Amino acid sequence: MTAAAPPKSKRPAAGPRREYHFPRFERRKLENGLELIVAPVTKLPLVTVAVLVDAGAVCDAAGREGTAQLVAKLLIEGTEKSDGGELADRFEQLGASIDAHADWDVAVITVTALADRIPAAFDLLGEVLRTPAFRQREVERLKAERQAELLQLRTEPRGLADELFTRFLYTPASRFARPEGGDEASVEAIEREHILTFYEARYVPAAITVIAAGDITAARAEEMTRRALGDWSAPPAARIVADDLPARRDRAVHIIAKTDAPQSELRIGHVGIPRNHPDFFPVNVMNAVLGGLFNSRINLNLREAHGYTYGAFSAFEWRRQAGPFAVHTAVKSDVTDAAAREILGEIDRMRAVAISPEELSLATSYLEGVFPIRFETTTAIASALASVALHGLPDDYYDRYRDRVRAITAEQILEAAQRYLHPDALQMVVVGDPATVRAPLDGMHFGPIRLYDALGRPTT
Amino acid sequence: MRIPIETFRLPNGLFVTLSEDHTAPIVAVNLWYHVGSANERPGRTGFAHLFEHMLFQGSEDVGANEHFELVQRAGGTLNGSTWLERTNYFETVPSNQLELALWLEANRMGKLLPAMTQQKLDTQRDVVMNERRWSMDNQPYGTWTEKLPALCFPPEHPFHHSLMGSMADLTAASLDDVGQFFSTYYTPDNAVLSIAGDFEPAAARRFVETHFGRIPRGAGKPALPDMSLPPVFGQWKREVVPDDIMLPRLFLAFRSPAFGSEEYFAASVCGAVLGLRNGSRLRRRLVRDRQIAAEASAFTFDLSKGADLLVVDAVARPGVAAEQLEQEVAFEIDLVQRDGVDEVEVARAKAVINTMFVSSLQEAAERADRLSMFATYFGEPSRVNDEPDRYQSVTTDDVNAFVRERLGEDNRASLLYVPRENSPGELVGAGAAAEER
C-alpha cells in the first residue's frame, strides 16, 4: 500500500478589498500666474516639492539642441549668492535631496526634505529659480560633461540604441530627431548668452507649476511659495509645439556596428500617439498585453519560450506630442533575426484577433490593483500630479482611473491595436555585430538595410 | 521615528517579523533565504542566482510563470534578487491578497522539486546567460561587479568568486545539482519572512502557520569557512582591465569593517563624506573644482561577514588618461588621510543619510526588506529602528579614526578600466600615451 498523495493545496481567495483613493489635492493660483498644487499626506514627516517649468527640450532653438537641459542643470550649479559647491552644501546640510533636469516637455526641479527643513529648502528653491548665476566656468563644465556623456554612449549599446532609434524615427526637422540633451555639435554651439536668453524667456511665473506633496498643508505651501516666488513678475512665454512627423512611411533596418558584440540591442517601433489622446486607456491596456507586463506576449515568447533574452518589453513614451512606440530587448547575436520575427509576429497577432478574456482580465486587474502601490512616496505623488499639470488632465483623473481601466473591452483593444500599431511603418534598430546579424536580417526581407557607425553616420 | 515590530518563530524554525501600517490598503511580503553566492562550491558557481530564476518556474500547485501571473492578476508587484550572502523574494499586493502571496511563497518553499524539469532548467540557463551578456559582457565596465570582489578577496574566500558564475559552471549544472541545492538551503529554518503594511497581526499569523507550518525543517547547511580577514589588504593591489570603452574608470576599494559592526557606521559616513551626492568631497574636488572626473561617487558593499568594502568610483573627463585618473583620485585620498575630514562635511553626510532613511521607510516593500535583512544577518530586526541613532552618534573623530586606519596605501585595491587598443575610445581617453605610439 502506498500512502495517499498529499491533498492539492488550494489557492486562497481574496478577502474584502479596502477602499483607497488617490490623495486629495488642492489648487491655488498666485497673481503673477504661478500655479500651485498641494497634496497633504501625513504618513511620514517628509515633503517633496516639484517645480515644473514649461521649458523642456522642445523649446531648444535649432542648432542649439541641449540648451533646455543645460539651463535646468545650471540652476543648481550656482546662484548670485553662492557658487555651485556652496549651494550644494546649503541644500545638503538640510539633508535635502535636489535634482534639476529637463525632459522633452518641461524642466523639473525637485526637492525632498524632512518637513521641518522645508521652509529653508523652499527659500533655497526660490533663490535657485530667480537668481541663477550661470557662471561661465559652470557653463563650460556642464557642456564638457554632456560631451563626456555623448562619448560614453558610443560604447554603451542600450543608450545608443535608444538614442539612434528616435533619431531615425522622426523627420529630420523635428526636435525629436535630435537627442534630448543635444549632440556634439549643438552642445558645442551653446554659449552663455544663449543660456541667459533661454532662461529669461521661459523661466517666468506664468510658465511654472509648484507641486507639494507630503506633510504640509495647502495654506503653508502657499505661504512659502508666496514668500519665495510671489513678487516675481515677467511676461508669459508662448507654448512651443514639437513637430512629431515620422521620417518615413515604410519599413527600414538600421544596423549600428558594434564589432564582436555578444548581444544585439534591438528596438522595433514607430511614432506613437500624444499623451492627451482620447484612446490613451485602450492603448495602455493593449500595450500591457503586448509587452507591458512580465507575463506579456512578447516577454513570455522571447524570454520564457525561447530563452533568447533576459527581458523584452514594449512601451509608448508619453509626451505632449506623439512620442515613440517601441519594443525593447537585447538578444544573443545569432538569434537577432529569429527574435525580430517573433516580435513582428506578436504585433501582427495583436492586430488580427481579439485577446482572450484571461489576458484582458490579467492586464486590467493588474493596472487596477497596483494603483495604490504606485503612490506610496511623496515623490511618486508629486510626479503623478506633475502629469495632471503637464497634460491638463482633469482633477478627477486619478479618481476615475480604475473605473476607466475596468471598462476596457477586448474589442476596444483590438481596435486600438489595428489603429495604433503600424506594422508597415516599423523601424528596426540593431546595435550589434554586422558580421553576424546582417545576412540573416537581409533574409527576413523586412526592409532596406543601412549600416552606421557608433556616431550614427552611414557607412554604406 | 520608529516602525512597530512583532516577531515569532514557527516550530520548523521559520522566523517571522511583522510591521503594521494602515495608511494604504497594501501589504509587502518579503522572504530572505540565508544563501548567496558565498555558499557555492567551486565548480558550481552561479548556482544561487540560477536558482533564483528557477523559483519563478512553478511548484507543485503553481504552473511555470504562474507565480508572476497570479501576483500581477492580484494587482501586485514582485521580483527576487541574489547577493553574495542571501537571496530574496518579494511581492507587494493589495492587502486583501496577503494570503495569496504567502501561499505562493510557501508553495515554492515546500513543493518546488516536483515541478522541476530539464527543459525549465535549460531555458532559464539561457536566460541567465543572456542576463550575463546584457549586464556584464556587452556593457561598458560591466565586469566590475565580478572583478572587484575577485581582486579584493583572497581566492579561497567565499566572496572571491563571481555571483553570476562562470558560463562553464552554468552549463554543467544538472537537475540533480539543483535539487540538492534546494533541499540544503531553501528550508524554513534558513529563512526569514517579513510582512509589512496593512494587515491584522492575528490573521497574518494564522496564514503563516497554515501555509508554512507543515514544511519540514532542513537537515542543516554546510558551515561557511572562516570569513575573517586582516583589517587591511597589506599592499596596494592593482588590476588594469582593457575594455571596449571611451573613458577610463577607476574603482578604488578599501577593506572596511563588516556591515552592522560598531565600526561600520563610521565607514559608511566616511563613504558619504567622500562620494554621496553633489556636495561630497570627491564630487566637489574632482568633478567641480579640478575637473579631472566626469563622475565620482563612493559606496559600501554592505557585507556582513568578515569584511566589507568601501569603494570610490570615478570616471575620467575626456582627455584625462587612466594613469592620471588613478593618481589624482589617490592624491585626494592622501589629502583626506593627511588632514582628515571636518565637522561640516560630516554634518552634511549625516543629514543626507537621515533624510534617505526616512524616505526609504515610505515603501512597505523597503520596510519588509530591512526587517528581513537585520533578522537574517543578526537575528535582530529591531536594528532597523536603531539605525538613525547609530548614524547620528558617529563623530568626526570616529570618521577620522577610520580614515587613518583604512585609507592608507596598504589598504587600497585599484581596478582600472582603460580603453582597449583599437577601440574607438583609445585616442580620446589615453591622451599622450596614444600619441607616443
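The model is a predicted one. The loop that holds B:Gln291 runs between α10 (281-289) and β9 (293-300) of chain B. The backbone is worth a look here, as B:Gln291 has a positive phi of about 55° although it is not a glycine. Most residues other than glycine have a negative phi.

You will find B:Asn65 in the loop between α1 (47-54) and α2 (66-73) of chain B. With 19 C-beta neighbours inside 10 Å, B:Asn65 is partly exposed, since a residue needs 20 or more to be buried.

What does B:Asn65 touch, leaving aside residues up to four places away in sequence? The list holds A:Asn295, A:Leu300 and A:Glu304 from chain A, and B:Phe56 from chain B. As for B:Met54, 11 residues separate it from B:Asn65 in sequence, and the two C-alpha atoms are 10.0 Å apart in space.

## The enclosed helix α2 of chain B

Moving on along chain B brings us to α2(B), which is largely enclosed by the rest of the structure because 6 of its 8 residues are buried. The buried residues are B:His67, B:Phe68, B:Leu70, B:Val71, B:Gln72 and B:Arg73.

Their packing partners come from both chains: α12 of chain A on one hand, and β4 (77-82), β5 (87-94) and α3 (98-110) of chain B on the other. Just after α2(B), B:Gly75 takes a positive phi of about 85°.

## Where the two chains meet

The contact between the chains takes 63 residues from chain A and 62 residues from chain B. On the chain A side, the elements that each supply at least two residues are α2 (84-93), β5 (107-114), α4 (136-153), α10 (297-305), β9 (309-318), β10 (322-332) and α12 (357-369). Of these, α4(A) gives the most, with 7 residues. By residue type, the side of chain A that touches chain B divides into 29 nonpolar, 18 polar and 16 charged.

One helix pair spans the two chains: the axes of α2(A) and α12(B) (residues 343-360) come within 8 Å and cross at roughly 50°. That angle makes α2(A) oblique to α12(B). A:Asp89, A:Glu92 and A:Gln93 of α2(A) make the contact with B:Ala347, B:Arg348, B:Ala351 and B:Val352 of α12(B). These residues divide into 3 nonpolar, 1 polar and 3 charged.

## A helix with a buried side in chain A

Helix α8 of chain A (residues 218-229) has 12 residues and reaches 16 Å from its first C-alpha to its last, close to the 16 Å expected at 1.5 Å a residue. Its buried residues are A:Ala221, A:Met224, A:Thr225, A:Ala228 and A:Leu229. They cover an arc of only 100° around the axis, so they lie on the same side of α8(A). These buried residues pack against β2 (35-40), α3 (118-130) and β6 (208-214) of chain A.

## A perpendicular helix pair in chain B

Our last stop is within chain B, where the axes of α9(B) (residues 264-275) and α15(B) (residues 396-406) come within 9 Å and cross at roughly 85°. The two helices are therefore roughly perpendicular to each other.

From α9(B), the contact draws on B:Ala266, B:Ala267, B:Val269, B:Cys270 and B:Val273. From α15(B), B:Asp398, B:Val399, B:Ala401, B:Phe402 and B:Val403 take part. The contact is made up of 9 nonpolar residues, no polar ones and 1 charged.

Key:
Residues numbered from 1 in each chain as written. Chains lettered and ligands numbered in written order. Predicted model: local features only at pLDDT ≥ 70, side-chain atom pairs only at ≥ 80, totals over all residues. Helix = DSSP H or I, 4+ residues; strand = E, 2+ residues; numbered from the N terminus. Expected span 1.5 Å × (residues − 1). Buried ≥ 20, exposed ≤ 12 C-beta atoms within 10 Å, placed from the backbone. Arc of directions from axis to C-beta. Contact = placed C-beta atoms within 7 Å. Axes fitted to C-alpha atoms, helices over the stretch in contact; angles between N-to-C directions. Parallel < 35°, antiparallel > 145°, perpendicular 65-115°, else oblique. Nonpolar A, V, L, I, M, F, W, Y, C, P; charged D, E, K, R; others polar.
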